[in-house]
Amino acid sequence: MTGSKNKPSGSRALQVALLVVLLVAASRLQACDAAPGFCASKCAVRCGKGKGKGPACMKHCGQCCVECACVPAATGRIDDCPCYRDMLTAGPRKRPKCP
């Protein structure tokens, strides 16, 4: 019964690597979610004003709020927060990232 108790070392390394990847992914999800308090309340107001924005609006607004530490009060007042206004999506089209 040699080796029945011990797993190969490659399998252990794979388990550790997967655990590290999961921990990093979980920390990124938490950082990207709308922060409780300031960001959540500001984004709820901003995303509630438009039609059909829903959860995607809250997600993107939360990401922008965490990075910029501000959210414009209403759709027509985007210049109140230049960081929020100037964030662009990745890729060749460079559209506004923040709703």
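This is a predicted model: local features need pLDDT of at least 70, side-chain atom pairs count only at pLDDT 80 or more; totals for chains, interfaces and linings use all residues.
Which residue does a disulfide join to Cys43? The partner is Cys61, with an S to S distance of 2.1 Å.

**Two bonds between α2 and α3**

Let's stay with Cys43 and Cys61 for a moment. The torsion about their S-S bond is about -85°, so this disulfide is left-handed. Cys43 lies in helix α2 and Cys61 in helix α3, so the pair ties together parts that are 18 residues apart in sequence. Both cysteines are buried.

Another disulfide is formed by Cys39 and Cys65. Its S-S torsion is about -80°, so this bond is left-handed. Here Cys39 belongs to helix α2 (residues 38–49) and Cys65 to helix α3, so the bond ties together parts that are 26 residues apart in sequence. Cys39 is buried, with a relative accessible area of 7%, and Cys65 is buried at 1%.

**A bond within a loop**

Cys70 and Cys81 are also joined by a disulfide. The torsion about their S-S bond is about 50°, so this one is right-handed. Cys70 and Cys81 lie in the loop between α3 and α4 (82–86), so the pair ties together parts that are eleven residues apart in sequence. How exposed is Cys70? Cys70 is partly exposed, with a relative accessible area of 21%, because the buried class ends at under 20%. Cys81, on the other hand, is buried, with a relative accessible area of 1%.

Here are the sulfur distances of these bonds side by side.

| Disulfide | S to S distance |
|---|---|
| Cys39 and Cys65 | 2.1 Å |
| Cys43 and Cys61 | 2.1 Å |
| Cys70 and Cys81 | 1.7 Å |

Counting the bonded cysteines along the chain, the disulfides follow the pattern 1-7, 2-5, 3-4, 6-12, 8-11, 9-10.

**A look along α3**

What span should its 15 residues have at 1.5 Å a residue? Helix α3 covers residues 54–68 and should span 21 Å, and its end C-alpha atoms are 21 Å apart, which agrees.

The buried residues of α3 are Cys57, Cys61, Gly62, Gln63, Cys64, Cys65 and Cys68. An α-helix has 3.6 residues a turn, so residues three or four places apart point the same way.

After the helix comes Ala69, whose phi is positive, near 60°.

Note on methods
Residues are numbered from 1 along each chain as its sequence is written. Side-chain values use heavy atoms; hydrogens and water are left out. Helices (H or I, at least four residues) and strands (E, at least two) are DSSP runs, numbered from the N terminus. The expected span of a helix is 1.5 Å times one less than its number of residues. Buried means under 20% relative accessible area, exposed over 50%, partly exposed in between (1.4 Å probe, protein chains only). A disulfide is a pair of cysteine sulfur atoms within 2.5 Å.
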